[in-house]
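Dear colleague,

Please read them with the model open beside you.

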Amino acid sequence: MDPLMLLFLLIAGLTGADSVSSVRRVTVQSGGSVTIPCLYEDRHKDHVKYWCRGIDWRSCTTIVRTDSPQKKDDVSIRDDPDQRVFTVTMNNLKIENDDIYWCSVEISGDFDDGVSVNLSVSDGSPELSVDKQEVNALEGDSIGVQCRYGDRSSEMKWCKIGGSCVSGNSGRLDGRPVEIRDDKVNKVFSVTMWGLERKDTGWYWCNDGYQQIPVHITVNQPRSNRWEQVLDAVLKAGTGVFYLSCTIIALQLHWSSCRKRGSNQREEEGGANTNHGS
Ligand SMILES: *[C@@H]1O[C@H](CO)[C@@H](O)[C@H](O)[C@H]1NC(C)=O
């Protein structure tokens with residue numbers, strides 16, 4: 001490798017150039033909502049994350065922070081340290097919200113880390129869109145996501161946050177099979193993922209080579225399992241109640257037989273006394 005390139009990579013690595021990553025460019029229709037996921041490295045788990053507005057990062061205006069304020073007007077922030085993702089949700093978007101924003105991580109005593117997100121708010125329907133950004137599935141199920149794209153779109157891809165992308169007809173994302181159907185006439189890019197497991201829960205996005213639209217997939221336990229759990233809990237509780245009842249009955253029997261024996265003895269003694277008396 002070129003020593004200069006090596007030096008560059010070393011410096012980039014040391015300054016944590018890409019320790020925060022997100023989508024680069026998103027377009028949302030005015031009046032709509034969007035949630036932007038920002039992935040960060042493990043070492044940032046306990047740090048404060050914030051969402052900042054302005055082309056120049058050094059002079060950007062902080063809108064929300066994971067400490068406070070977590071919510072301001074139509075913007076809110078949420079941190080998920082287990083997934084190393086914080087998300088920013090912007091509701092009721094207006095044309096004047098169109099700007100450059102920064103997924104940022106506060107690093108005390110040093111430069112903060114951040115990555116820019118170009119958020120466009122359009123009057124018409126955006127070039128790249130999904131019906132909904134939140135998709136729920138049950139374990140073992142398959143899901144389908146349809147991404148609508150436009151004339152400016154080039155190569156369509158389906159990507160997992162912080163991971164790889166799938167393009168073409170099929171592939172795998174973190175071992176999960178993905179099938180893609182690209183309807184070039186209607187400009188619909190359909191993604192299907194099979195045999196979902198709970199570990200597939202997370203952020204994905206459609207990338208049209210120009211902009212991205214994030215989609216969150218949640219994989220839950222199937223209902224039958226949940227019913228089994230409920231049944232199991234009821235059975236366990238039932239068994240507990242049964243044993244408790246048995247214990248109480250046994251104790252009562254024991255006590256009453258003790259009392260009986262006691263009174264029998266007293267009766268016998270009393271009887272003896274009366275015998276003596278007669
Ligand atoms: C943000 O994206 C829009 C189009 O979506 C583009 O016109 C604009 O130049 C971009 N801004 C920056 C600073 O890259």
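The side chains of R176 and E197 meet in a salt bridge, with 3.0 Å from N to O, the term standing for a side-chain nitrogen of Lys or Arg within 4 Å of a carboxyl oxygen of Asp or Glu. This pair joins distant parts of the chain, since R176 lies in strand β17 and E197 in the loop between β18 and β19, 21 residues apart; strands here are DSSP runs of E with at least two residues, numbered from the N terminus. R176 is buried at a relative accessible area of 7%, whereas E197, at 37%, is partly exposed (buried is under 20%, exposed over 50%, partly exposed in between, with a 1.4 Å probe and protein chains only). Both residues also belong to a network of salt bridges that links R176, E197, K199 and D200.

This is a predicted model, in which local features need pLDDT of at least 70 and side-chain atom pairs count only at pLDDT 80 or more, while totals for chains, interfaces and linings use all residues. Residues are numbered from 1 along each chain as its sequence is written, and side-chain values use heavy atoms, with hydrogens and water left out.

The whole structure holds 14 salt bridges. Among them, D151 and K187 pair at 3.5 Å, N to O, and they sit 36 residues apart, D151 in the loop between β13 and β14 and K187 in the loop between β17 and β18. D151 is exposed at 68%, and K187 is partly exposed at 26%. Another salt bridge joins D182 and K184 at 3.7 Å, N to O; here D182 is partly exposed at 30% and K184 exposed at 61%.

How values were computed
Helices (H or I, at least four residues) and strands (E, at least two) are DSSP runs, numbered from the N terminus.
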